[in-house]
Amino acid sequence: MKKISELKVGDSFFSTCSISDKELEEYLNFSRVKNAFLEQKQKGEQQIVSGRAILSRMEGEFTRLSQIYGNHIIFLGTDGDPEWKNRNTRFLKPFYTDQVLKLKFTISQKEDIDDEFGKIAVDFEGTTQENETVVLSKRNIYRIKKEPPR
């Protein structure tokens, strides 16, 4: 685990994940998302994964990174990117269940809030095994305690 004082703008961390049919079904049931397109799965076919499910998994994977896990950290939201008219996320290609999603997390901003907490912005990038970019998400904002628990 790295303390906020050890994190630098430009630092990148990597992970991989996939989302199974069962995990997607559990997410859709929990989130209560209703989308006819997502419900039209053909037997034996891979299912398209909703954007919200992809972002949720990416956020979870970020908090599990060995460099991050153990910190007192909370997701505050997104500010968007001025270059994208203050939008935050772009889905560029469909992503399907059981595909491998290669994740890159880059610290894009870091600042103090007060004596106890700081704030970091993290850019997410997800690509397939074929290096096709699936999703870009900029300026995901986290509050992080400066001195983690011992």
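**Lys22 and Glu26**

I looked up Lys22 and found it exposed, with a relative accessible area of 59%. The model is predicted, and my entries should be read with that in mind. I then checked the partner of Lys22: the residue forms a salt bridge with Glu26, and the closest N and O atoms are 3.6 Å apart. The cut-off for such a pair is 4 Å, so this one counts. Glu26 itself is partly exposed, at a relative accessible area of 46%. Both residues are in helix α1, which covers residues 21–31. They are four residues apart there, so about one helical turn separates them.

**Salt bridges across the chain**

I asked how many salt bridges there are by this rule. The count comes to seven.

Asp79 forms a salt bridge with Arg139, with the closest N and O atoms 2.9 Å apart. This pair links distant parts of the chain, 60 residues apart. Asp79 is in the loop between β2 (73–78) and β3 (89–91), while Arg139 is in strand β6 (residues 133–145).

Lys146 lies in the segment after β6 and Asp112 in strand β4 (residues 101–112), so the pair ties together parts 34 residues apart in sequence. I recorded Lys146 as buried at 19% relative accessibility, whereas Asp112 is exposed at 58%.

**Helix α1 against helix α2**

I went back to α1 and looked at how it packs on helix α2 (residues 51–64). The angle is about 105°, and the axes are 11 Å apart. That makes α1 roughly perpendicular to α2, because angles of 65 to 115 degrees fall in that class.

Which residues of α1 and α2 meet? On the α1 side I listed Glu23, Leu24 and Tyr27. On the α2 side I listed Arg52, Ala53, Ser56 and Arg57. Sorted by type, the residues of this contact are three nonpolar, one polar and three charged.

I then looked for the strand's pairing with β4: six bridges join the two, and they run antiparallel. Ser12 has Thr106 as its bridge partner in β4.

From β4 I moved on to β5. The two strands run antiparallel and are joined by ten bridges. Glu111 stands opposite Lys119 in β5. A hairpin of four residues takes the chain from β4 to β5.

I next asked how many residues of β5 are buried. Eight of the eleven are, so the strand is largely enclosed by the rest of the structure.

On to β6: ten bridges join β5 to β6, and the strands run antiparallel. Phe117 stands opposite Lys145 in β6. These strands form a hairpin too, with five residues between them.

**Two positive phi values**

I looked at Asn131, which is in the turn of the β5–β6 hairpin. Phi of Asn131 is near 65°, a positive value in a residue other than glycine. Asn131 is exposed, at 54% relative accessibility.

Arg139 came up again here. This residue is not a glycine, yet it has a positive phi of about 60°. I had already placed Arg139 in strand β6, and it counts as buried at 18% relative accessibility.

Key:
Residues numbered from 1 in each chain as written. Predicted model: local features only at pLDDT ≥ 70, side-chain atom pairs only at ≥ 80, totals over all residues. Heavy atoms only, no water. Salt bridge = Lys/Arg side-chain N within 4 Å of Asp/Glu carboxyl O. Buried < 20%, exposed > 50% of the residue type's maximum accessible area, 1.4 Å probe, protein only. Pairing = 2+ DSSP bridges. Axes fitted to C-alpha atoms, helices over the stretch in contact; angles between N-to-C directions. Parallel < 35°, antiparallel > 145°, perpendicular 65-115°, else oblique. Contact = heavy atoms within 4.5 Å. Nonpolar A, V, L, I, M, F, W, Y, C, P; charged D, E, K, R; others polar.
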